[in-house]
Amino acid sequence: MAAPAPELSRWLLRVALLAAPLAALLLQLPIPISLKPRSTDTAAAAAMDAAASEIEFDMPGVLRMYKDGRVERFDGTQTVPPSPSGDPANGVVSKDVVLDPAAGISARLYLPPGVEPGKKLPVVLFFHGGAFLVHTAASPLYHRYAASLAAAVPAVVVSADYRLAPEHPVPAAYDDAFAALRAVVAACRPDGAEPWLAAHGDASRVVLAGDSAGANMAHNAAIRLRKEGIEGYGDKVSGVVLLHPYFWGKDPVGGESTDAGYRGSFHGTWEFVSAGKLGLDHPCVNPLASPEEWRQLGAGRVLVTTAEHCWFVERARAYAEGIKKCGWDGEVELHETDGEGHVFFLPKPDCDNAVKELAVVTDFVRRC
């Protein structure tokens with residue numbers, strides 16, 4: 001016999017009241033509670049909040065990491081799209097591609113205007129800077145620089161993305177750089193998977209380049225190339241361009257500051273990006289400490305640029321001088337700009353000194 005309507009209503013109400021908390025839990029919906037939380041709960045919550053807001057690492061204006069693992073980036077987060085119809089400033093066309101799906105290697109490619117069908121051009125594989133922490137190939141600074149370089153040489157420029165620290169500590173960036181080099185070389189073959197590189201990329205004229213941390217990556221990719229080689233390609237690229245390279249070391253070089261606080265900030269940054277696994281005099285960050293490793297640089301010539309007020313100016317000078325003495329059998333050039341700071345040519349691309357620096361890089365790539 002069916003239950004009377006009032007009893008059914010009361011039964012359904014009891015079921016609903018019992019089921020509501022479970023449903024709220026499953027759906028992660030808040031349930032209003034009239035009881036005050038216990039003091040121990042309040043203290044535990046406060047402790048968790050305090051831990052979450054405690055800073056593990058802070059590079060002001062660039063990146064901050066909290067002890068709970070959260071990362072905030074304040075620089076290098078802005079992006080611009082490629083220019084498939086041509087850059088209004090120079091006519092360079094660009095597009096985003098995946099060079100190696102298996103390795104997750106993506107890049108932005110730049111092709112200068114007016115290239116005749118089948119004409120081969122030098123290939124510049126470029127790695128952006130940002131202390132291994134920030135920026136991408138789509139950052140406005142790097143998009144403009146890569147397009148300007150492609151137009152000036154002219155060359156096919158491949159601006160590669162790579163995994164960033166601290167989520168992916170160094171040497172992840174180095175692995176990605178070498179994977180990008182492998183992919184570029186493969187794509188330059190007539191049957192290569194990337195049409196622009198297959199049609200116009202000259203695998204015999206590949207130049208590794210980068211600024212700051214990206215220059216460090218270009219150096220290390222060339223070292224690894226000489227050690228491992230690439231099947232069907234060899235163990236040398238035509239050239240390496242190190243723009244204001246990020247190198248460091250435990251002890252001061254030349255006129256480098258001896259101030260403990262100043263040096264400590266750079267020490268701490270390298271320890272942070274490498275998760276403490278690579279020391280301050282590891283060959284990856286201090287080639288001067290390992291000449292036997294240094295002499296294996298897989299390139300025929302190297303261009304080093306720096307500036308008077310660059311943080312790493314003494315390291316750049318020592319690199320250009322030291323590579324001549326370590327047994328490496330190539331040619332090295334040093335270009336230093338007076339009165340400028342670290343990678344000044346990126347935020348001030350139209351100033352006279354930036355135009356001169358681009359001309360130096362352009363001339364070098366043309367000769368590779």
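Visitor: Which residues have the most contacts inside the largest nonpolar core?

Guide: A general idea comes first: in soluble globular proteins, nonpolar side chains tend to be buried together. A nonpolar core here is a set of buried Ala, Val, Leu, Ile, Met, Phe, Trp, Tyr and Cys residues joined through side-chain atoms within 4.5 Å. Buried means under 20% relative accessible area, exposed over 50%, and partly exposed in between, using a 1.4 Å probe and protein chains only. The largest core has 109 residues, and Phe132, Leu133, Leu181, Leu208 and Val302 have the most contacts inside it. Helix 4 (residues 172-187) gives the most to this core, with 11 residues.

Visitor: What should I keep in mind about the model itself?

Guide: This is a predicted model, in which local features need pLDDT of at least 70 and side-chain atom pairs count only at pLDDT 80 or more, while totals for chains, interfaces and linings use all residues. Residues are numbered from 1 along each chain as its sequence is written, and side-chain values use heavy atoms, with hydrogens and water left out.

Visitor: Which residues does Val302 touch?

Guide: Contact means heavy atoms within 4.5 Å. Not counting residues up to four places away in sequence, Val302 touches Val240, Leu242, Leu297, Tyr319, Ile323, Trp328, Glu331, Val332, Glu333 and Phe364.

Visitor: Now the sheet, please. What is the order of its strands?

Guide: Strands of a sheet pair through backbone hydrogen bonds, either parallel or antiparallel. Helices (H or I, at least four residues) and strands (E, at least two) are DSSP runs, numbered from the N terminus. Two strands pair if DSSP finds at least two bridges between them. Here an open sheet of eight strands has the order 4-5-7-6-8-9-10-11, with mixed pairing. Strand 4 (93-100) and strand 11 stand at the edges with a single partner strand each, so one side of each has no neighbour in the sheet. On average, neighbouring strands are turned by 20 degrees against each other, direction ignored.

Visitor: How many bridges join strand 8 to strand 9?

Guide: Five bridges join strand 8 (residues 201-211) to strand 9, and the two run parallel. In this stretch, Gly210 stands opposite Leu242 in strand 9. Strand 6 and strand 8 also run parallel, joined by six bridges, and Leu125 has Leu208 in strand 8 as its bridge partner. Strand 8 is mostly covered, with eight of its 11 residues buried. From strand 8 the chain crosses through helix 6 to strand 9, and this β-α-β crossover is right-handed. Right-handed means that, with the strands pointing away from the viewer, the path from the first strand over the helix to the second runs clockwise.

Visitor: What about helix 9? How far apart are its end C-alpha atoms?

Guide: They are 19 Å apart, which agrees with the 18 Å that the 13 residues of helix 9 (residues 313-325) should span. Among its buried residues are Val313, Tyr319 and Ile323. Helix 9 is followed by Gly327, whose phi is positive, near 105 degrees.

Key. The expected span of a helix is 1.5 Å times one less than its number of residues. Axes are lines fitted to C-alpha atoms, for helices over the stretch in contact, and angles run from 0 to 180 degrees between N-to-C directions.
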